Amino acid sequence: MKIVVMGSGAIGSLYGGFLTLNSEHNVTLVGRKPHIDAIASHGLKITGVMGTHVVYPDTTTDPSSIEDADLVLITTKTYDTVTAAKRVSHLVERGAYVMVLQNGIGTEKEIAESLDTKRVIRGTTCMGAIRTGPGKVKVTGTGLTEIGSHFPSNYGFIPIISEMLRSAGFDVKVSDNIEGVVWTKTLVNCGINPIGALTGLTNGEVYENQDLRGLIVQLVEEAVLVVEALGINLTTEDPVRYALGTAKATSSNINSMLQDIRAGKLTEIDSITGKIINYAKELGIPTPASETVYALVKALEAKCIAESDYREESSLDIDKLMKSISTP
Ligand code: PAF
């Protein structure tokens with residue numbers, strides 16, 4: 001299969017990298033210049049809990065140079081989704097499917113609308129990864145990849161993708177309730193991510209702290225009220241327990257929002273907590289804890305961006321990063 005990965009940060013490089021290991025696929029990673037140049041020169045180095053590998057996918061910073069694809073995987077940050085999708089609209093017009101593999105709510109619908117296509121598949125992932133420098137990614141935890149689509153016309157292609165991901169080493173589940181999957185994952189993210197981002201703690205350190213555990217409970221309970229009012233069927237009976245269980249199971253993860261804060265980048269708070277607050281306002285549901293963490297993350301985000309000069313281009317030193325997290 002010809003696969004294009006738009007947004008080759010940690011998660012995009014991880015999926016693209018393992019798909020490259022299977023020589024049946026032709027993978028092209030599209031990303032920022034330093035990362036892409038490093039991969040083009042020395043390959044993509046993957047370390048961590050799925051072993052050490054060096055793989056050699058095709059690379060480009062300019063997707064308009066790609067002529068065709070069977071599948072475009074969008075793993076950008078949520079706020080870049082539509083821009084990324086528009087840059088591959090020629091591939092979709094020529095028949096490619098788009099699969100969104102991100103946190104947050106609603107990006108698959110934004111793509112379907114902006115490209116006027118139904119060839120959109122949605123995925124969520126509980127894999128943990130961090131980019132440790134140009135051309136390098138570390139897998140910090142493994143977890144389920146769930147996929148599905150709002151459009152029944154894609155149901156025939158979904159088993160093909162799930163088989164492809166399974167043979168690349170991922171644990172995959174196909175869901176006929178993708179809306180519920182996305183909301184369930186968002187509840188986990190709204191509970192864990194802002195707290196990690198604000199405190200600088202790993203998921204495990206957040207879980208071990210009784211007060212912070214209480215805050216996870218509060219944030220998830222507020223979001224559940226919204227979910228119930230919207231009539232969404234979650235994929236878990238006990239979302240609070242599920243969120244706490246995920247924090248424990250991914251204890252060594254530096255959650256993605258904390259990674260963004262550390263890198264001086266915009267976070268995904270708007271498509272996680274921000275979406276929940278917006279729905280809650282429309283429905284007349286009070287969400288005081290969510291509003292508080294939202295305001296705090298936005299303020300911290302602005303400060304980190306102003307001070308950082310966008311550190312995305314520079315190499316992250318994983319040891320320094322871990323040290324600074326354990327001694328905030
Ligand atoms: O955003 C993240 O980091 C992940 O979705 C999760 C599951 C919270 C683990 O860190």
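In the predicted model, an oxygen atom of the ligand is placed 2.8 Å from a side-chain N or O atom of Asn203. The protein covers 95% of the 280 Å² of accessible area that the ligand has on its own (Shrake-Rupley method, 1.4 Å probe). Two further separations of this kind involve Lys185 and Asn193: a polar side-chain atom of Lys185 lies 3.0 Å from a ligand oxygen, and a polar side-chain atom of Asn193 also lies 3.0 Å from an oxygen atom of the ligand. A polar contact is a pair of N or O atoms within 3.5 Å; within protein, one atom must be able to donate a hydrogen and the other to accept it, and residues adjacent in sequence count only if both atoms are side-chain atoms.

The surrounding shell consists of Asn103, Lys185, Asn189, Asn193, Asn203, Thr246, Thr250, Asn253, Asn255 and Ser256, where a residue is near a molecule if one of its heavy atoms lies within 4 Å of it. By class, the shell has no nonpolar, nine polar and one charged residues. Helix 7 (residues 178-199) gives the most to this shell, with three residues; helices (H or I, at least four residues) and strands (E, at least two) are DSSP runs numbered from the N terminus.

Residues are numbered from 1 along each chain as its sequence is written, and side-chain values use heavy atoms, with hydrogens and water left out. Local features need pLDDT of at least 70 and side-chain atom pairs count only at pLDDT 80 or more, whereas totals for chains, interfaces and linings use all residues.

Four aromatic pairs are found in the whole structure (ring centres of Phe, Tyr or Trp, the last by its six-membered ring, within 6.5 Å; planes under 30 degrees apart are stacked, over 60 edge-to-face, the rest tilted). Phe18 and Phe170 form an edge-to-face pair, at 6.0 Å centre to centre and 85° between the planes. Phe18 lies in helix 1 (residues 10-20) and Phe170 in the loop between helix 6 (158-167) and strand 12 (172-174), so the pair ties together parts 152 residues apart in sequence. Phe18 is buried, with a relative accessible area of 4%, and Phe170 is buried at 3% (buried: under 20%; 1.4 Å probe, protein chains only). Tyr15, Phe18 and Phe170 form one aromatic cluster.

Tyr97 and Phe157 are stacked, at 4.0 Å centre to centre and 10° between the planes. Both Tyr97 and Phe157 are buried. Arg119 lies over the face of Tyr97, 4.1 Å from the ring centre (CZ of Arg or NZ of Lys within 6 Å of the centre and within 35 degrees of the ring normal).

How values were computed. Nonpolar A, V, L, I, M, F, W, Y, C, P; charged D, E, K, R; others polar. Buried < 20%, exposed > 50% of the residue type's maximum accessible area, 1.4 Å probe, protein only.
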